[in-house]
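Dear colleague,

Here is the structure we spoke about, for you to open alongside this note.

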Amino acid sequence: QKNEVLDYLFLPQPKFPFFHVCGVGIVPGEQTVARAELFAVLVAATDVSRLDPVPFADFFTDASYVCRIVEIVKQGYYRPILHKFSNGDLISLLAEVWHIEKFSIHKVKSHRKLESAIDKEDLWRIAGNTCADIAANTAYQKVPSEIRSLADEIVAHTENETCMLEDHL
């Protein structure tokens, strides 16, 4: 199937069959890139873990942070120190749905061109990461501009307040 799908990548308008977007939207809680990447893997893992039987699944991310978190979850070391993690709520949820014997996570380099692939497997990974980037950009574009502007203003205000507080102290 991968070979057939890869043929779609070289059409004038590339198509990405067999890649499935589980959800598009705003991340609950604080909006950070690391949290968004972790939440994306959580949504995908939750989606796959609902299947009966749970299949073997490979998850690909360009976020080193997420790969490290999954390794910590797999080793079981996160429980006693969960309170020290900034995304403890998501880590706890991921641990509940992560099937150690059936799921694996892989780090891919971000923002690579399809033409840079060294083989078909590498091309597959680049295509998957490209789809994830397209989905993230689509989610961002669907947020009304007024809300994006307000969010930017809140971030700027928070940063300014932090700097003033640090200067004062």
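Arg 125, with a relative accessibility of 25%, counts as partly exposed, a class that lies between buried (under 20% relative accessible area) and exposed (over 50%), for a 1.4 Å probe and protein chains only. Its side chain meets that of Glu 121 in a salt bridge at 3.9 Å, N to O, the term standing for a side-chain nitrogen of Lys or Arg within 4 Å of a carboxyl oxygen of Asp or Glu. Arg 125 and Glu 121 are 4 residues apart in helix α5, and so are separated by about one helical turn; helices here are DSSP runs of H or I with at least four residues, and strands are runs of E with at least two, numbered from the N terminus. Please bear in mind that this is a predicted model, in which local features need pLDDT of at least 70 and side-chain atom pairs count only at pLDDT 80 or more, while totals for chains, interfaces and linings use all residues. Residues are numbered from 1 along each chain as its sequence is written, and side-chain values use heavy atoms, with hydrogens and water left out.

The count comes to 4 salt bridges. Another of them joins Asp 122 and Arg 112 at 2.7 Å, N to O, and this pair links distant parts of the chain, with Asp 122 in helix α5 and Arg 112 in the loop between β2 and α5, 10 residues apart. Asp 122 is buried, at 12% relative accessible area, whereas Arg 112 is partly exposed, at 25%.

Turning to the helices, the axes of α3 (residues 64–75) and α4 come within 10 Å and cross at roughly 60 degrees, the axes being lines fitted to C-alpha atoms over the stretch in contact and the angles running from 0 to 180 degrees between N-to-C directions. That makes α3 oblique to α4, since angles under 35 degrees count as roughly parallel, over 145 as roughly antiparallel, 65 to 115 as roughly perpendicular and the rest as oblique. The contact (heavy atoms within 4.5 Å) is made by Tyr 65, Ile 69, Val 70 and Val 73 of α3 with Ile 91, Leu 94 and Ala 95 of α4.

In the backbone, the peptide bond from Asp 52 to Pro 53 is cis, with omega near 0 degrees, and Pro 53 sits in the loop between α2 and β1.

Best wishes
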